[in-house]
Amino acid sequence: MTANHPAPPAPGAAGITYAGAGVDTVAADHAVELMKDAVARTHGPAVLGGVGGFAGLFDLSALGRYERPLLATSTDGVGTKVALAQALDKHDTIGFDLVGMVVDDIAVVGAKPLFMTDYIACGKLVPGRIADIVRGIAAACEVADTALVGGETAEHPGLLGVDEYDVAGAATGIVEADRVLGPERVQAGDVLIAMAASGLHSNGYSLVRAIIKQAGWALERHVPEFGRTLGEELLEPTRVYSADCLSLADAPAAQVHAFTHVTGGGLAANLARVLPAGLVATVSRNSWEVPAVFSVLKRLGQVPTADIEATLNLGVGMVAIVGAEGAAAALSHLQARGVPAWELGRVGTLDELDVIGSDGLPGGAGALVSGTKGVQGGAVRMTGAYHWG
């Protein structure tokens, strides 16, 4: 038998190189040089080593003594919002969306996010673009008082277009076991304290992009209700709440029992995840004015109220559940930190629920939201009508 061997290159023909295949390691090194100062600013004395190691090292002994330390971890991405960043060629804010989606989930259980890593996949590594993304991640980590200890940038030529990329990240936090927040602490009579969102945050962009595509609106279009272009409004970075939540949890007068991060699924679905079985949170839709971005999108796409309510945050990015006597202190604490906040509703029992819905919107006992994300706990009832901005 004759073995099949590839023919040798013709005399003078150039061989295939890694760069020729679409991966530029020199550009990767240049990107690291551009971003390393921003990353280093997130490092405190507990971070060992510097940028470029195979793994990030964090000295837990620097945290002091814990009786029973629990580690909390979370991972997430930004989703299709990155398509808008790419279309606008603006990449220095998407990092806030990534960090907010990750560290704020950790803060929900009362854990302090200690360190974070990121992952960027791109079709072509453009050093300035990658550096902008990572600088944004580092800036958001500074806001969250979280170290950015490592990351990875991978070129995927042929899988992603030259201007395409995706970002993801993971973080680890720590909390004393007897200070974990969640459904076990929530009681009938507790008060819901809403914290304002900065905009759409990072969820529901598939709906948003479908709306603007059908309407034929360009991202450069100036929208009077926004006072700026459509693209600028849609790219508004996510508010990072973790430092504010942890500060609030450390304030004894606020009596914090739980938090919920309002991400995919909307307010009711995420609130139901942190309620124990047998309790119902009643949310008053008329307790705040829905920001203009939501009302414009709703009108533009003729989106049913029930659908937009179950998809977008409608102006509420985080909710604290506090003891009845702690509500005033919680509001004062958040406002002192520059976080717009208001009383959103209260927690009660099923027996106390008014089963008659008279507002023409979902709100009767049959419209309770529960059993979301695989959690079989309490329920949420939305009442009243929205004030659309």
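Let me start with a question: is the crossing of α3 and α4 right-handed or left-handed? Before I answer, please keep in mind that this is a predicted model.

The crossing of α3 and α4 is right-handed. Helix α3 covers residues 94-107 and helix α4 covers residues 127-144; their axes come within 7 Å and cross at roughly 45°. The two helices are therefore oblique to each other, since an angle would have to be under 35 degrees to count as roughly parallel, and 65 to 115 to count as roughly perpendicular.

Now the contact itself. On the α3 side we have Ile 94, Gly 95, Phe 96, Leu 98, Val 99 and Val 103. What they meet in α4 is Ile 133, Gly 136, Ile 137, Ala 139, Ala 140, Cys 141, Val 143 and Ala 144. Sorted by type, the residues of this contact are twelve nonpolar and two polar, with no charged residue.

Next, the sheet. It is open and has four strands, in the order β3-β6-β4-β5, and the pairing is mixed. At the edges are β3, residues 69-77, and β5, each of which pairs on one side only. Ignoring direction, neighbouring strands are turned by 15° against each other on average.

I'll take the partners of β4 in turn. Strand β4 is residues 112-122, and ten bridges join it to β6, residues 165-176, with the two strands antiparallel. If you want to find this pairing on the screen, look for Pro 113, which stands opposite Gly 173 in β6, and for Asp 118, whose bridge partner in β6 is Gly 169.

The other partner is β5, residues 147-155, which runs parallel to β4 and is joined to it by eight bridges. Here the pair to look for is Ile 120 and, opposite it, Thr 153 in β5. As a reminder, strands of a sheet pair through backbone hydrogen bonds, either parallel or antiparallel.

That brings us back to α4. Together, β4, α4 and β5 make a right-handed β-α-β unit. Where does α4 pack? It packs on the sheet, touching β4, β5 and β6, and its direction makes about 165° with that of β4.

Technical notes. Residues numbered from 1 in each chain as written. Predicted model: local features only at pLDDT ≥ 70, side-chain atom pairs only at ≥ 80, totals over all residues. Heavy atoms only, no water. Axes fitted to C-alpha atoms, helices over the stretch in contact; angles between N-to-C directions. Parallel < 35°, antiparallel > 145°, perpendicular 65-115°, else oblique. Left-handed = near helix turned anticlockwise from the far one by under 90°. Contact = heavy atoms within 4.5 Å. Nonpolar A, V, L, I, M, F, W, Y, C, P; charged D, E, K, R; others polar. Pairing = 2+ DSSP bridges. Right-handed = clockwise from strand over helix to strand, strands pointing away.
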